[in-house]
Amino acid sequence: MTATVQLYIDGAWRDGHGNRTLDVVDPATGQKHGAVAVAGIEDLEDACAAAAKGFRQWRATSAYERCKLMRKAAALIRERLEDIAPLLTREQGKPMAQARQEVESSADILDWFAEEGRRVYGRIIPSRVPDVTLTVRREPVGPVAAFSPWNFPLAQAARKIGAAIGSGCSIILKGPEETPAALARIVAALGDAGIPAGVVNLVYGVPSQISGFLIPHPVIRKVSFTGSTAVGKELASLAGAHMKRVTMELGGHSPTIVFEDANLELAAKLLTGFKFRNAGQVCTSPTRILVHEKVYGAFKDNLVAHARALKVGSGFEADVDMGPLANPRRVQAMESLTQDAVDVGGAVATGGRRIGNQGNFFEPTILENVPRSARIMNDEPFGPIMMMQPFADFDAMIAEANRLPYGLAAYAYTRSASTAAKVSEAVESGMVSINHHGLGLPETPFGGVKDSGYGSEGGSEAMEAYLVSKFVTHSTVD
Ligand code: NAD
């Protein structure tokens with residue numbers, strides 16, 4: 001069978017060696033609507049050869065020219081928005097408004113990295129002696145193997161492609177097999193803009209086979225992965241064994257702290273919107289909601305009312321706030337995490353059940369008084385569930401916020417500048433957002449600490465990971 005989504009290797013689309021495919025399923029209906037090509041070892045060898053060739057050409061292309069081509073691709077993506085967004089909703093489930101936003105955000109990310117690539121500066125170090133120049137050159141690290149997930153198939157891939165090619169590297173991206181078609185259109189736009197063959201390559205297949213082949217491959221110099229902590233640790237170990245540089249953007253379990261002086265109405269509204277965006281399948285999704293005991297009751301009522309007002313349905317229906325979960329695994333996880341929380345003494349404030357028997361729909365859910373021993377208080381839910389608990393004391397609240405091995409994002413609501421400063425300092429997290437949910441812009445750092453990974457997927461820090469320093473000392477004495 002011919003794949004509806006093919007591999008892109010050395011500037012050409014093709015089926016995988018052996019013509020194997022994987023089904024692509026609509027999460028709102030459970031119906032198959034396409035098939036993605038599976039890369040064989042021969043395809044991956046070709047991709048490595050293409051990336052090596054593409055790197056030689058691309059690193060020799062001026063940053064000015066690279067920027068022009070990347071910006072042209074971003075413009076093409078914006079022009080094609082209405083073709084790409086429905087593909088994303090069909091395969092991933094998110095409401096059309098969020099799909100459109102993601103297409104735009106991918107173009108925005110490419111634009112930003114295109115410009116940032118023009119500002120990769122070296123430096124001159126003062127010499128101890130005359131006639132000697134000490135220079136630090138910043139050079140692209142080399143061909144990159146990147147692995148991007150299914151929750152934001154376009155934006156997460158654009159971060160990796162943008163940082164890699166903006167700094168002069170070539171890339172082999174393993175895209176998400178469950179949501180392949182919209183990403184293929186983004187990659188097509190890069191080719192159509194004139195980015196040379198071999199600079200950007202896209203493969204799909206069996207994830208462990210692809211990472212097991214690409215990471216040790218001598219052509220690959222850098223690895224970037226977004227996904228679960230468990231898989232991230234495996235890939236980081238493999239990369240370490242082969243001395244490859246790594247960026248890891250992994251799971252989170254974000255504390256959200258509501259102080260007694262917070263604007264409760266604003267907090268409930270923003271938190272609901274952010275929590276249930278993409279059906280909660282967001283690594284920075286707020287999960288543990290710690291509310292000062294004096295305002296706990298009022299805030300809970302407010303939050304529950306907002307959650308109940310959300311419209312859940314197919315992403316193609318008008319005014320839908322939350323679509324289906326991306327795959328049946330997530331629904332099973334939501335059911336079993338909720339059951340476990342209730343079994344150990346937690347209560348369901350709203351939601352808690354799957355909706356219907358077709359597609360992967362689950363109610364926007366708020367649990368409360370869930371004991372720390374519950375699985376959901378330790379494992380990342382990665383779905384439309386948050387857990388509320390009251391606190392009385394700042395230090396005990398911070399201990400709870402920092403209890404888990406994760407440290408990706410944290411949120412706080414307070415009107416006090418000194419409380420905001422205190423919580424920003426005390427919380428162990430790669431990102432902190434106060435009185436709004438302001439994470440994820442291309443120009444700001446995006447990454448975690450502890451088991452949430454290392455490196456950044458945004459800001460100038462993201463470019464750093466794709467650059468190496470070369471020190472050149474030059475005497476001009478004859
Ligand atoms: P999973 O751990 O099997 O897969 C997560 C991602 O890693 C997928 O994109 C998958 O293709 C990829 N992957 C898995 N094994 C791999 C391997 N050996 N080599 C290369 N890539 C590999 O889990 P899942 O059921 O797909 O997703 C659920 C969990 O993944 C969630 O609980 C969440 O923690 C995590 N996740 C995180 C993000 C994020 O943005 N950080 C995105 C998607 C999934």
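Modeller: Two strands pair if DSSP finds at least two bridges between them. This is a predicted model, so local features need pLDDT of at least 70, side-chain atom pairs count only at pLDDT 80 or more, and totals for chains, interfaces and linings use all residues. Residues are numbered from 1 along each chain as its sequence is written, and side-chain values use heavy atoms, with hydrogens and water left out.

Colleague: How many bridges join strand 15 to strand 16?

Modeller: Helices (H or I, at least four residues) and strands (E, at least two) are DSSP runs, numbered from the N terminus. Strand 16 covers residues 385-391 and runs parallel to strand 15. The number of bridges joining strands 15 and 16 is four.

Colleague: Which residue in strand 16 is the bridge partner of Glu368?

Modeller: Glu368 belongs to strand 15, residues 365-368. Across in strand 16, Glu368 has as its bridge partner Met388.

Colleague: In which sense do strand 14 and strand 15 pair?

Modeller: Strand 14 spans residues 347-350. Thr350 stands opposite Ile366 of strand 15. Over three bridges, the sense of the pairing between strands 14 and 15 is antiparallel.

Colleague: Are the residues on the two faces of strand 15 buried or exposed?

Modeller: In a regular strand, side chains alternate between the two faces of the sheet. In strand 15, Thr365 and Leu367 lie on one side, with Ile366 and Glu368 on the other. Buried means under 20% relative accessible area, exposed over 50%, partly exposed in between (1.4 Å probe, protein chains only). Both faces are covered, and all four named residues are buried.

Colleague: Why does Leu183 count as buried?

Modeller: Leu183 lies in helix 6, residues 181-192. Leaving out residues up to four places away in sequence, its contacts (heavy atoms within 4.5 Å) include Ser148, Leu173 and Tyr204. Leu183 counts as buried because its relative accessibility is 0%.

Colleague: How far apart in space are Leu183 and Ala75?

Modeller: In sequence, Leu183 and Ala75 are 108 residues apart. C-alpha to C-alpha, their separation in space is 16 Å.

Colleague: What share of contacts between residues at least 6 apart joins residues at least 24 apart?

Modeller: The chain holds 14 helices and 20 strands. Of its 478 residues, 57% count as buried. Among contacts between residues at least 6 apart in sequence, the share joining residues at least 24 apart is 73%.

Colleague: What radius of gyration does the chain have?

Modeller: The C-alpha trace spans about 80 × 65 × 40 Å along its principal axes. The radius is taken over C-alpha atoms, and the globule rule is 2.2 Å times the number of residues to the power 0.38. For 478 residues, a compact globule would be near 23 Å, which agrees with the chain's 23 Å.
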